[in-house]
Amino acid sequence: MLRQASRLLARRPILAARTRAFSTDLSAADQTADAAFADAWNKVIPNMDPPKTPLSFMQPRPPTPSSIPSKLTVNFVLPYASELATKEIDMVIVPATTGQMGVLPGHVATIAELKPGVLSVHEGNEVTKYFVSSGFVFIHANSFADIIAVEAVPLDRLDANLVQKGLAEFTSKLSSATTDLEKAETQIGVDVHSALNSALTG
C-alpha cells in the first residue's frame with residue numbers, strides 16, 4: 001500500500017509549481033475577470049450599477065525588497081478609526097498570545113493573535129503605548145505590518161482608580177458566579193482588568 005501511495009505522489013506535479021499567489025497580488029487576468037463580471041451584469045441588469053467585488057478595494061501588494069529596509073511600515077486600525085496609516089517606524093512590540101513580540105524591518109511573515117496588553121510603537125526616541133483588548137497582527141515579508149484591534153486606547157488616557165475598581169468588582173462577581181456563562185464573562189473581565197492594571201503599574 002505504501003509503495004502505491006509513493007507512486008501516486010510521484011505522478012503529481014511538484015507542489016511548489018502549483019502554489020497560489022497572494023490574494024493581494026493582482027494580475028492582469030484578475031482585472032480582466034472583474035471587468036467581465038461587470039459587463040455580464042450590465043447585460044442582465046443595465047439600469048443598476050454592478051456591485052463592488054473585492055478586487056475593487058484591493059491595491060497591489062508592494063514588492064518584497066531585495067534588501068532589508070531601514071523602517072517598518074505599520075497600519076494600525078480599529079473598527080471605528082485608523083490610529084496609524086502607512087506609518088514608518090523603527091519597531092513595534094505587540095502583546096501576542098504567545099508572549100510579547102517585537103517586530104523590526106525584515107521580520108519573517110507571520111500572523112499572530114493579540115491578547116489584552118500593551119502595544120508599543122517605537123519611532124526614534126519616542127515610544128507611544130496603547131492598551132489593546134484583542135485582535136490580530138499580520139506581518140508581511142515586505143516589512144509591512146497590519147495591526148487590527150477590537151479596542152485600543154493610549155495608555156496615558158487610562159484611569160488607574162477606575163481600573164482598580166473594575167478589577168475588584170469582577171473579582172467579587174467571579175466568586176459568586178453560578179452558571180458557566182457568568183463565570184466566563186466575569187473571567188474575561190478579570191483578565192482584561194488585570195492586564196490593564198499590569199500595564200499601568202508595570
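I took rings of Phe, Tyr and Trp (its six-membered ring) as a pair if their centres lie within 6.5 Å; planes under 30 degrees apart count as stacked, over 60 as edge-to-face, the rest as tilted. With that rule I searched the whole structure, a predicted model, and found 3 aromatic pairs.

I looked at one of them, Phe76 with Tyr130. The pair is edge-to-face, with 5.2 Å centre to centre and 80° between the planes. Phe76 sits in strand β1 (residues 72-77) and Tyr130 in strand β7 (residues 126-132), so the pair ties together parts 54 residues apart in sequence.

I used under 20% relative accessible area for buried, over 50% for exposed and partly exposed in between (1.4 Å probe, protein chains only).

Next, a charge over a ring. I required NZ of Lys or CZ of Arg within 6 Å of the ring centre and within 35 degrees of the ring normal. Lys173 lies over the face of Phe170, 5.4 Å from the ring centre.

Then the whole protein. I counted 5 helices and 10 strands (DSSP runs: H or I, at least four residues; E, at least two; numbered from the N terminus). Of the 202 residues, 27% are buried. Among contacts (heavy atoms within 4.5 Å) between residues at least 6 apart in sequence, 52% join residues at least 24 apart.

Notes on method. Residues are numbered from 1 along each chain as its sequence is written, and side-chain values use heavy atoms, without hydrogens and water. Local features need pLDDT of at least 70, side-chain atom pairs count only at pLDDT 80 or more, and totals for chains, interfaces and linings use all residues.
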